[in-house]
Amino acid sequence: MTASDDPLAITYVDPRLFASSLKKLSKNRAMATYLAISELLAKEGKALVATDWLRYIESDIWEFRIGKTTSSIYSRAGISKPPGHVHETLLVRVFCSFQGESLVLLITAYDKGADASSKRQQAEIAKARSLLVDWKANH
């Protein structure tokens, strides 16, 4: 949990872009991804850096590393799986930026399970960098 025990506010550089970046995920994977954001990233923030879940990339860009399985997300969050839940592998990367002590800015995300290449990873980081620079110029 964050220092104040209040969850961090979550906002998006571009909500439509973020949603479309996860559009190809199955319903179970998408639900687990959003659960990880709301129950782990928002509640634990930068404290996740002490785990495998969060890694600093560069220039205010962090990589929230959602992985293993959909079931493991529910378990880590301490939430029961919904009816009809199907256990699936999950490897999603969410690039974010912490703005002050109370806000997490979600920049972009991608399904690393679909393409784990270094080339794709670097392209996603470059995209996140560009989106963050544009966002900062307008806020």
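The legends below describe close-up views of a predicted model. Local features are given only at pLDDT of at least 70 and side-chain atom pairs only at pLDDT 80 or more, while totals for chains, interfaces and linings use all residues. Residues are numbered from 1 along each chain as its sequence is written, and side-chain values use heavy atoms, with hydrogens and water left out.

**View 1. Helix 2, residues 27–44, and its bend at Ile37.** Helices (H or I, at least four residues) and strands (E, at least two) are DSSP runs, numbered from the N terminus. The expected span of a helix is 1.5 Å times one less than its number of residues. Just after helix 2, Gly45 has a positive phi of about 50°.

**View 2. The buried residues of helix 2 and what covers them.** Buried means under 20% relative accessible area, exposed means over 50%, and partly exposed lies in between (1.4 Å probe, protein chains only). The buried residues of helix 2 are Asn28, Ala30, Ala32, Thr33, Leu35, Ala36, Ile37, Leu40, Leu41, Ala42 and Glu44. Their cover includes strand 1 (9–12), helix 1 (15–21) and helix 3 (70–77). It also includes strand 3 (61–69), strand 4 (89–99) and strand 5 (103–111).

**View 3. Asn28 and its surroundings.** Asn28 is part of helix 2 and counts as buried because its relative accessibility is 12%. A polar atom of the Asn28 side chain lies 3.3 Å from the backbone oxygen of Val86. Contact means heavy atoms within 4.5 Å. Not counting residues up to four places away in sequence, Asn28 touches Thr70, Gly84, His85, Val86 and Glu88.

**View 4. Tyr74 in helix 3.** Tyr74 counts as buried because its relative accessibility is 6%. Apart from residues up to four places away in sequence, Tyr74 touches Met31, Ala32, Leu35, Ile79, Ser80, Lys81, Pro82 and His85. Tyr74 and Ala126 are 52 residues apart in sequence, and their C-alpha atoms are 31 Å apart in space.

**View 5. The largest nonpolar core.** In soluble globular proteins, nonpolar side chains tend to be buried together. A nonpolar core is a set of buried Ala, Val, Leu, Ile, Met, Phe, Trp, Tyr and Cys residues joined through side-chain atoms within 4.5 Å. The largest one has 28 residues, and Leu41, Phe64, Ile66, Ile73, Val94, Phe98 and Leu106 have the most contacts inside it. Helix 2, strand 3, helix 3, strand 4 and strand 5 each supply at least two residues of this core. Helix 2 gives the largest share, 7 residues. A second, separate core of 11 residues includes Phe95, Ile107, Tyr110 and Ile125.

**View 6. Positive phi at Ser59 and Lys68.** Most residues other than glycine have a negative phi. Ser59, in the loop between strand 2 (54–58) and strand 3, has a phi near 35°. Lys68 lies in strand 3 and has a phi near 80°. Ser59 counts as exposed because its relative accessibility is 51%, and Lys68 counts as exposed at 62%.

How values were computed
Bend = angle between axes of the 7 residues up to and from the residue. Polar contact = N/O pair within 3.5 Å; in protein donor to acceptor, adjacent residues only side chain to side chain.
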